[in-house]
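Have the 3D view ready as you read.

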Amino acid sequence: MQYRLFSKICQEMGPASCDYPSIIGNDDYYGGLEGEFVISTKSNRTGTVVLRHEMGHNFVNVGEEYDNGSSYFGVNSASNLANVTHKWGHWLTGQSVREEKATYRLLAYPWADLSRGQQSFAFTSDGNYSRWYILVSVSAAGEEDSLEFVLDGEVLPWQSRMSDDREFYDWHGNEGFTAGEHSFIVRSLTPSTNPNIPRMICSITIHEFGTEEEFQSQNDIISAFPTWDVARRVTYRPTNAGCLMRNMTSNYFCSVCKEGMWYQFLQRISLIDEVKVHQTPNADRTKRVVLNTLKLGQLREGGTEIDNERLEIRWSHGGLDRPEFDDRFEIDAEGGAWSVFVKFFTPEVLYDPNGLLQDVEHFTVTFQANSTSTGTP
């Protein structure tokens, strides 16, 4: 019912006025959902964190990158290594595709209230890996003595971020787990002081990795990083944790997702907004023609520039190139049939198989005896 109301409101705003709508819930804590209307909350701590991740699903039609989910598709997901080559082979850091050596030991979303007792988790390692990584998320743990995390009987160092909102904490180990059984325990040391939300262990993921030569952990590396869904089936993602579609605390989308966004945006809009032929002829029997494009490349406002991004402009008259007008947005054109070609170059797109980064507009410049006619795009 509410969605029908929101859709009606968007429709009443007019065409192209409600492309990526969002709903902000009147709640102070973590929450969100993707969909036609992206949902987040007014949380000062996590509201924008959730919003940018969920909005990412709409900016580029992709599923998740984190483990233990159920939706993996789009430019950032590959079902096998051959598919990696097809989808983001042009972005690969290395010369050839390879699977980065990693495995999961525990993937869980317990959402357990710790006031009811500690939560214990068992997992097994085969002893064949070189490093481990633990990531947890908790709520209502805004005091220094809130929680304790214990790995194989050893208390892990932990410091509260002094927020009761859902928070993510992690630990790294420079040696792999020994072969055999292991345990991870989460316990509350004090009662929660927040009357609105329980103190919970929300999620836990434990992974093991090969050496740096076997698993490249730097987040600017683009390769084939394994991801496990809720049924423990493997797909591949482009980066370790360099994209906010996997790591919600990241500030950036990975290169593969950004390229996908350009594809999706330029399927909906054109590089050329308008070619306007002025009505009044010039003294030299020409008319002023003004090209209006998206404000990209050299037209970006100060502070938003992207290095090596530019718009290339080429004009032709009667089928012949007019190089004297190259890269000009305004020209004085003689009468006849004209075309203007615009090509967009950006380091965020390396491959443009469908020609989305180029546009052309054909128009005619005409004159009448009374010199009052206009060219019509």
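How many salt bridges does the count come to? Keep in mind that this is a predicted model. Side chains of opposite charge can pair when their charged atoms come close. With a salt bridge taken as a Lys or Arg side-chain nitrogen within 4 Å of an Asp or Glu carboxyl oxygen, the count is 23 salt bridges.

Start with E167 and R45, whose side chains form a salt bridge with N to O at 2.5 Å. This pair ties together distant parts of the chain, 122 residues apart. E167 sits in strand β9 (residues 167-173), while R45 is in the loop between β2 (38-41) and α2 (47-59). Is E167 buried or exposed? Its relative accessibility is 6%, so E167 counts as buried. R45, at 41%, counts as partly exposed.

Next, find K258 and E348, another salt bridge, with the closest N and O atoms 3.9 Å apart. Here too the pair links distant parts of the chain, 90 residues apart. K258 belongs to helix α4 (residues 255-268), and E348 lies in the loop between β19 (336-345) and β20 (358-365). K258 has a relative accessibility of 28%, so K258 is classed as partly exposed.

Now over to R310 and E312, which form a salt bridge with their closest N and O atoms 3.6 Å apart. E312 is buried because its relative accessible area, 19%, falls under 20%. R310, with 38%, is partly exposed.

Definitions and conventions. Residues are numbered from 1 along each chain as its sequence is written. This is a predicted model: local features need pLDDT of at least 70, side-chain atom pairs count only at pLDDT 80 or more; totals for chains, interfaces and linings use all residues. Side-chain values use heavy atoms; hydrogens and water are left out. Helices (H or I, at least four residues) and strands (E, at least two) are DSSP runs, numbered from the N terminus. Buried means under 20% relative accessible area, exposed over 50%, partly exposed in between (1.4 Å probe, protein chains only).
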